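Let's take a friendly walk through this structure. Keep the sequence and the 3D view open as you read.

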Amino acid sequence: MTTARIRAGYLPGLDAAEVDWQVLPFAQGDQALEVEVPVLSAAQMDALAARVRQASALHLKTMAVSEIIAVIDQAIARLLDRSDPYRQQAEAYLPVVSGYDRDMVRLGLTGFFKTFRAAQLHRFVAEDFANPKVLDGFQPTPKGGAVRAFGPDLLVHNWAGNVPALALWSMVCGLLVKAGNIGKLPSAEPLFAGWFARLLAEVHPPIADCFAVVWWRGAGDDGASALYAQADAVLAYGGNEALDAIRRRLPVTTRFLPHGHKLGFGVISATALDTLKAPAIARLAAWDVMRYDQQGCYSPHVFYVQRGGAVSPRAFAGYLAGELANLHQRFPRRPLEVEDLAAVARWQQGVEWQALSASAEGPADQLIGASSAAWSVAYSDTLQPLAPTAMQRTIQVVGVDALDDVVPLVAPHSRFLQTAGIAAAPAELFRLAGLLGAVGVTRISAIGSMSAPEAGWHHDGRFNLLDLVRMTEIEQSAELAAEPLAPYAD
Amino acid sequence: MHKVTPLVADLLEFIAMDGCTDEQFDEMALRLFAHQFAANQPFQSFCRLRGVNARSVKSWADIPAVPIDAFKALPLRCEPPAAGDRIFMTSGTTRGGSTRGQHFHPLLDVYDLSMTRNFAQRFMRGANRMPMGILFPDEVAMPNSSLAHYLDLAKSAFGASGASQTFVTPQGMDLDGLWAALEAAERSGEPYALLGASFSFVHVIDALRQQGRAFKLPPGSRILDTGGYKGQSRELPLDAFYTELSQALGVQRTHCINMYGMTELSTQFYDDGNAQVPSVKSGPHWIRSRLVDPVTGRTVPAGERGILVHCDLANFNSVTTILTEDVGLDAEGGFLLLGRAEGVEAKGCSLAVEEFVRATAA
């Protein structure tokens, strides 16, 4: 076994020798990795926050958005270049910390980074700001007067989860609104955010102090409290209980933007189930299940499949099972801990017992394929409420008579809704989107794109950038009242 | 009252023996399996689903392990329901769901013999009777609790008459009564036994701390805790729990014994004190355990963590072999109990079952 040691985080202005470092151990197969993460005292955190705040005022807030985009674009170009050392270490170590298959991580990173190139970032800004120049200076408004958007001086990110490089989303958002950024690494993937910070500093040294990447255990103690106390806005990811705990620690005046865990599902219309289209859609659906072993907030847990097509819902479930078996050959599921195995077993056995207890009357629920396979498809011919599976490529397929039947099944869980994948004809798509949107779905994608949100998407139905800024308006009255005070006034 | 069948008579004899060979264990396990396979339709269907029939089981480890959730979904019983049945139910607190698992006992002879034989050896350690305090409601208050029955049986079979008492009712704990009993034990110098739910002991620790007092029970006194905190008290790590318990009552950690039992079983596991945690748990000769990958059901390689499967021959009316949700690790003379199989949360940003159930139960 080879053991590598990596120092994570990014702490401008702090002497590494004065920081406490904790080691997080990771191992996959014969590769072991020890990641050193920094634990800052309250005083160190205060100093870091002050430095980031000051540097971003001097160096980031003075850049035009287009210039910032150009810097991010350069950094992303390097992350897309497989010969670049940053890209190489991402490919080498992210599979070790996350456990995900190497090829899955490699493809996932490329697909993800592609959405952060200059063209996409301009679109990202344009999604939220009709006139992106409001981020650079006062712009006239139709009602009269002028308006300018100011990002927070200090934006704190609390990242969570093991989906590789997820921190990129919020960090880019923070940069685009010219915020000073301090992010807390997730213990499950403590690498990427620090690398990205270092890479940005390399690409454009003047902004090297405009961000920092820290860590703390669990909810954190004094260091975390010191940072939270200084934040103008806090972006946090995690379960609702963890989010609630963070919210309680914030002053009421601090803007809090939580992103909780979500529950994705797909809907497949009978119109998509002819003998040509159905297998292709099943393949796409399997990709959505496979990507990051369903750990994404956008990952599907249930596919509702309409009866009446040439391919029955049960047959569709069979195709899906076949595709998952194929994908496991190409992108094996990550090795599971006994706790994950227990969750998978519980879910599978729940299906089995339901089948055994119902076998007397009517069509039974079924588990398709060997229960020991590294994927699992459960099929039910009766309406099943939306509920999470055990993830790790365990998916529920439910036969439905009408697409509208799905709406009351998902409506009770509006708090957990985000992505719905839909395969349906245009008129059906828009009608169903209206119904699902009304009960809480915020993103509708094609089957196969559920796990790859497009650039500029509105995460959890919110405005990624607009939610971060404060608008300052010069009302027309002020503008008019200024006129007589001009040196050229008569 | 239910009649004792020849199978049950043989089982009682088996439990009464001083020990057994592997062959004897397998023989009894296979007899019980054949009986349960024939008499319990849901179990038979489950076995067939696993590709197992009455003839393919050669040893206890071949018996398909029934997941404990099945006790919620289906009646797992061989004897038809009768008026005199005792039904033990799971607390249903662990996952918040409202469905409770049910374990049907047409007669308690086997359960009681299993309990007393094992308890005499592992907790009484040769002592005959002792004054006992029970920190859990009795079985009149909680007729469906296997723990209430277990503790009542401990009190009636091993508690010194007149000096043994239950201090908990569904209304709460009689702390004044408990303090009086503990003071009396201190004065008498005779060993005292305090038994109950782990969370009740946390309440005792907290109450003593609040009042700024502590007891020093006489040498030979002992404590039995079981069942964990179940959200009924503050949660503290095992090591802290036994340190605080030992300080509060003056009982050495070697005499603080933890019982590991389940509603779905008829036999308990014990450790030999908790000087070190996690302690090694073991059971008597009529129960065997193995560690499995819960998805495949296969025994994990030596030295790896796995989910515990127990084959309890005293489970004559339900199923002998159950798949728990407890993570274990092999240890000299038994196994280490590493906790429940949780922790699937927080890997990614997709909603996990545990959080979903908590949220929808709230």
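A:Asp293 sits in the loop between helix H10 (277-290) and strand E12 (300-306) of chain A. The model you are looking at is predicted. The phi angle of A:Asp293 is near 45 degrees, which is a positive value in a residue other than glycine.

Is A:Asp293 buried or exposed? A:Asp293 counts as buried because 29 other C-beta atoms lie within 10 Å, and the cut-off for buried is 20 or more.

## Two exposed loop residues in chain B

Now turn to chain B. B:Arg125 lies in the loop between helix H5 (109-124) and strand E4 (132-135) of chain B. Its phi is near 50 degrees, again a positive value in a residue other than glycine. B:Arg125 is exposed, because it has 12 other C-beta atoms within 10 Å.

B:Gly19 belongs to the loop between helix H1 (6-16) and helix H2 (22-39) of chain B. With 9 C-beta neighbours inside 10 Å, B:Gly19 is exposed. In sequence, B:Gly19 and B:Ser279 are 260 residues apart, and their C-alpha atoms are 23 Å apart in space.

## A cis peptide bond

Which residues of chain B does a cis peptide bond join? They are B:Val277 and B:Pro278, with omega about -10 degrees. You can find B:Pro278 in the loop between strand E11 (269-270) and strand E12 (280-281) of chain B.

## Where the chains touch

Here, 34 residues of chain B are in contact with 41 residues of chain A. On the chain B side, the elements giving two or more residues include helix H3 (41-49), strand E15 (321-331) and helix H10 (353-361). By class, this side of chain B has 20 nonpolar, six polar and eight charged residues.

Notes: Residues numbered from 1 in each chain as written. Chains lettered and ligands numbered in written order. Predicted model: local features only at pLDDT ≥ 70, side-chain atom pairs only at ≥ 80, totals over all residues. Helix = DSSP H or I, 4+ residues; strand = E, 2+ residues; numbered from the N terminus. Contact = placed C-beta atoms within 7 Å. Nonpolar A, V, L, I, M, F, W, Y, C, P; charged D, E, K, R; others polar.
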